[in-house]
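Welcome, and thank you for taking a look at this structure. Please keep the sequence and the 3D view at hand, and let us walk through them together.

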Amino acid sequence: MDYTRIDAFIDRLVETSTPERTAWNMEKIREGRAASWNYIDGCMLTALMEMGRITGQERYLEFVERCIDHFVGEDGAIRTFNPEACNLDDINEGRVLFALYERAGKQQYRLAAEKLAKQLEGHPRTAEGNFWHKAIYPHQVWLDGIYMAQPFRALYARSFGGGDYSDIVKQIATVHDRMRDPQKGLYYHGYDASRKAFWADQESGCSKNFWLRSLGWFAVALADLLDILPEGQDRDKLAAIFSDLMASMDRYADAQTGLYWQVPDQGGREGNYLETSGSAMMAYAMLKGARLGFLPKEYAAKGKKTFDGIAEKYLTFTDEGIGLGGICLVAGLGPETNRRRDGSYEYYISEPVVENDAKGVAPFVLAYTEIKQLGA
């Protein structure tokens, strides 16, 4: 694998992006929407911060700073952020505020982080204490939301909040108890504590199927949290959940490429496909988990195989440009007004597959930073 081509791919994306229009936010590009504070760009900025840290290249860090300064005012107010939406996705971009604050010392970054933390204090919760995914999804917990909110909370607790991680661990433990299938060791995409959503099983409250990217969000969240939390009982609980998930996922990897299927437990079924974003998330989680010592060392080789498989199958270089394909654009559950999003197998394989969207590019870049730390 010629990894210098991947460096060229990342550089090309940054060079063709501005804070007003990023080359990797396919949802906004396709719909012609203006730039906003959002989780898609947040994922990519997190990856670029890590690229800057690993490589020492200031251009990545400077780009992230320009993007954040475009939205965060001197008083910490975040332009386009809508607190009434109670949307966990909108917390994710705040992850980069802590590293930027350490780097530049701008008070606006700390103030913005405090505003997001305050927002979560009043975020609606299920009866068991877990955050609703969004206000429009009452009583619903999605695996995606663990990634969107909990690493930010852990970084805030470590930096400014006194180091209390107990609620983070409690929410993840509830996900483990409510959303994990004990036979397969996989987690369902969503859970409705009220059992009222049209897609929810009336007994378990869970959605019908496993979706690769939601499992990927969960795996990445756990890997990142294990890197943030200090040694102790809380981290040990998360480590056990993480190890079990990765061992379960390993059974569903495609033997030839190392990639994972869009509906991971139904590999080879008509319409199913090897999907980039969730596979990259699994590669990152395996590589990082092995590097930190939470997974057996052989998971580094497994993660590298998955990463190389993505690059060989979906990374293309043509006269027209560079593309990373095989990325599911979006998938979700409901709301009531969108019953097509019902959690069925047919639904998950029906969503558009695109190139260069940050939901695939960002974890691919994150996995690449782990590859670099292997000395590749």
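Helices (H or I, at least four residues) and strands (E, at least two) are DSSP runs, numbered from the N terminus. Before going further, please note that this is a predicted model, in which local features need pLDDT of at least 70 and side-chain atom pairs count only at pLDDT 80 or more, while totals for chains, interfaces and linings use all residues. Residues are numbered from 1 along each chain as its sequence is written, and side-chain values use heavy atoms, with hydrogens and water left out.

Now step back into H5 itself, which spans residues 96-104. Its buried residues are Val96, Leu97, Phe98 and Leu100. Here buried means under 20% relative accessible area, exposed means over 50%, and partly exposed lies in between (1.4 Å probe, protein chains only). What covers these buried residues of H5? The cover includes helix H3 (39-55), helix H4 (58-71), helix H6 (107-121) and H7.

One of those neighbours, H4, packs against H5 at an angle of about 110 degrees, with the axes 11 Å apart. Axes are lines fitted to C-alpha atoms, for helices over the stretch in contact, and angles run from 0 to 180 degrees between N-to-C directions. H4 and H5 are therefore roughly perpendicular to each other; angles of 65 to 115 degrees get that name, those under 35 count as roughly parallel, those over 145 as roughly antiparallel and the rest as oblique. The crossing of H4 and H5 is left-handed, a word used if the near helix is turned anticlockwise from the far one by less than a right angle, with right-handed for clockwise. On the H4 side, Glu58, Leu61, Glu62, Val64, Glu65 and Ile68 meet Val96, Leu97, Leu100, Arg103 and Ala104 of H5, where contact means heavy atoms within 4.5 Å. By class, this contact of H4 with H5 has seven nonpolar, no polar and four charged residues. Ala, Val, Leu, Ile, Met, Phe, Trp, Tyr, Cys and Pro count as nonpolar, Asp, Glu, Lys and Arg as charged, and the others, Gly among them, as polar.

Leaving out residues up to four places away in sequence, isoleucine 68 touches Trp37, Leu45, Glu93, Val96, Leu97, Leu100 and Tyr109. In the largest nonpolar core, which has 121 residues, those with the most contacts inside it are Ile68, Phe218, Met246 and Phe364. Such a core is a set of buried Ala, Val, Leu, Ile, Met, Phe, Trp, Tyr and Cys residues joined through side-chain atoms within 4.5 Å. H9 gives the most to this core, with twelve residues. A second, separate core of 14 residues includes Ala197, Tyr273, Leu333 and Tyr347.

Helix H9 (residues 212-228) also packs with helix H7 (residues 143-159), at an angle of about 15 degrees and with the axes 7 Å apart. That makes H7 roughly parallel to H9, and their crossing is left-handed. Among the residues that meet are Leu143, Ile146 and Tyr147 of H7, and Trp217, Phe218 and Ala221 of H9. The contact of H7 with H9 is made up of 14 nonpolar, two polar and four charged residues.

For another pair, find helix H11 (residues 276-292) and helix H12 (residues 298-314), whose axes come within 7 Å and cross at roughly 150 degrees. H11 and H12 are therefore roughly antiparallel to each other. This crossing, too, is left-handed.

Threonine 80 lies between H4 and H5, and its phi is near 75 degrees, a positive value in a residue other than glycine. With a relative accessible area of 41%, threonine 80 is partly exposed. Arginine 195, in the loop between S2 and H9, has a positive phi of about 60 degrees although it is not a glycine. Finally, the peptide bond from glycine 334 to proline 335 is cis, with omega near 10 degrees.
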